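Hello,

Here is the structure you asked for. Please open it first, then read my notes below with the model on screen.

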Amino acid sequence: MNCEIMIETQLERGQQDELLPLDQYDKVLIAESAGKDSMACLFHMLDLGIPKEKIELWHQSIDGGGEQHTEFLDWPVTESYIEAVGQLYGIKTTYQWRSHGIYGELLRQDSLTGDVYHLEDGEIRHWPTTRGKRSTRRRWPAMSADLRTRWCSAYAKIDVFARVLSNHPDYQGSKEKPLNILVVSGERREESANRARYHEVELHRCSNKKRRVHAWRPVIDWSERQIWDVYEKRRFLPHPAYLLGWNRTSCFGCIFSTADLWAMMREIAPDRFDRLVRMEKELQHTIDPKWTLEEKANLGSLKRLPTDARLSRWVELALNRSFVASDLIMEAWELPAGAMRGAAGGPG
Ligand code: SF4
């Protein structure tokens with residue numbers, strides 16, 4: 001099957017299914033973006049008593065990793081935040097990426113999509129892309145709920161996750177003794193009309209005769225307030241993006257960012273913002289069909305950014321890779337500046 005078709009097939013929503021009793025799963029893989037909903041999934045798995053040895057945090061590094069890293073769209077802190085979470089709870093963390101991440105795919109020119117990599121315990125595995133259609137991208141992902149045109153999620157996250165799960169020797173099982181794998185992710189129905197239609201439990205597309213994989217969205221019917229309540233219970237420091245006023249955490253330069261978020265990015269990380277501006281000019285294609293990035297940022301406001309001494313502390317944390325586990329538990333918990341601001345600026 002060629003790579004383009006394979007990705008489209010993988011994007012079809014799975015068939016609705018029912019969970020097994022939780023103790024029958026051999027591994028519980030949490031698709032961990034470091035955002036509030038996937039973190040709530042982790043807290044919930046711990047509260048349900050799932051043994052830590054079975055839980056793994058799988059993070060797709062959207063700027064790539066190792067020698068295939070290009071700083072472009074992501075928050076620099078994210079991988080070290082997830083690493084710190086894993087250390088705090090004694091849970092395995094793993095990282096997957098496509099070569100040079102979204103940057104590499106954006107600049108794809110008459111070539112196959114990039115290879116896929118997986119990092120675990122300092123060891124990198126590599127799956128070359130050998131099949132598919134040579135093609136040229138050089139267009140930003142569309143601001144659409146349709147994953148066929150919003151290619152960033154498909155090529156940098158969904159397909160990368162599936163390639164690793166389908167090929168990594170530790171997740172294969174056998175016909176005689178199939179593995180039961182639970183893939184947990186944090187979509188919530190409250191976020192959009194599209195997500196409102198998601199099933200809570202599906203047979204995951206990586207299932208086969210040797211491996212039964214269920215996709216479970218355990219917080220699908222939670223409200224945002226419930227999500228923050230589980231942070232408060234643990235006095236847990238949210239990803240610094242929330243502390244700075246972002247209402248969602250995934251890519252720093254998410255294509256869905258509102259005018260306020262672009263203005264805030266330009267304020268705290270002008271070099272990163274300028275890089276995207278230059279890329280729009282190079283491609284002669286804008287992220288938002290209505291405005292250039294500069295025009296959109298000019299429409300935004302900085303009022304969400306903290307105005308006290310915490311601003312420099314949170315900016316320093318967000319733009320560095322030095323987050324440590326001792327940063328994670330707050331002395332006094334407070335709702336971050338980005339909380340309860342709705343789902344605007346996120347995928348549909
Ligand atoms: S966070 Fe935004 S830019 Fe990043 S992969 Fe998702 S939709 Fe694309």
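**The ligand and its shell**

The residues around the ligand come from two domains: domain 1 (3–224) and domain 2 (245–327) each give at least three residues to the shell. Keep in mind that this is a predicted model.

Which residues surround the ligand? They are Arg150, Cys152, Ser153, Lys157, Ser250, Cys251, Cys254, Ile255 and Phe256. Sorted by class, five are nonpolar, two are polar and two are charged.

**Helix 2**

Next, find helix 2, which covers residues 36–47. It has 12 residues. From its first C-alpha to its last, helix 2 reaches 16 Å. That is close to the 16 Å expected at 1.5 Å a residue.

Is helix 2 largely enclosed or largely open? Count the buried residues: 11 of the 12 are buried, so helix 2 is largely enclosed by the rest of the structure. The buried residues are Lys36, Asp37, Ser38, Met39, Ala40, Cys41, Leu42, Phe43, His44, Met45 and Leu46. Charged residues are on that list too, including Lys36 and Asp37.

After helix 2 comes Gly49. The phi of Gly49 is positive, near 85°.

**Aromatic rings**

How many aromatic pairs does the structure hold? There are 17. One aromatic cluster is formed by Phe43, Tyr89, Trp228, Tyr231, Phe236, Tyr242 and Trp333. You have met Phe43 already, as one of the buried residues of helix 2.

The charged end of Arg137 sits over the ring of Tyr155. Its distance from the ring centre is 4.7 Å.

Look at His100 first. Its phi is positive, near 60°, and His100 is not a glycine. Where is it? His100 lies in the loop between strand 4 (92–98) and helix 4 (101–106). Its relative accessibility is 28%, so His100 counts as partly exposed. The cut-offs here are 20% and 50%, and partly exposed is what falls in between.

Then go to Asp121. This residue is not a glycine either, yet its phi is positive, about 50°. Asp121 sits in the loop between strand 5 (116–120) and strand 6 (123–127). Is Asp121 buried or exposed? At 72% relative accessibility, Asp121 counts as exposed.

Best wishes

Note on methods
Residues are numbered from 1 along each chain as its sequence is written. This is a predicted model: local features need pLDDT of at least 70, side-chain atom pairs count only at pLDDT 80 or more; totals for chains, interfaces and linings use all residues. Side-chain values use heavy atoms; hydrogens and water are left out. Rings of Phe, Tyr and Trp (its six-membered ring) pair if their centres lie within 6.5 Å; planes under 30 degrees apart count as stacked, over 60 as edge-to-face and the rest as tilted. A charge sits over a ring if NZ of Lys or CZ of Arg is within 6 Å of the ring centre and within 35 degrees of the ring normal. Helices (H or I, at least four residues) and strands (E, at least two) are DSSP runs, numbered from the N terminus. The expected span of a helix is 1.5 Å times one less than its number of residues. Buried means under 20% relative accessible area, exposed over 50%, partly exposed in between (1.4 Å probe, protein chains only). A residue is near a molecule or strand if one of its heavy atoms lies within 4 Å of it. Domain bounds come from an automatic or database domain assignment.
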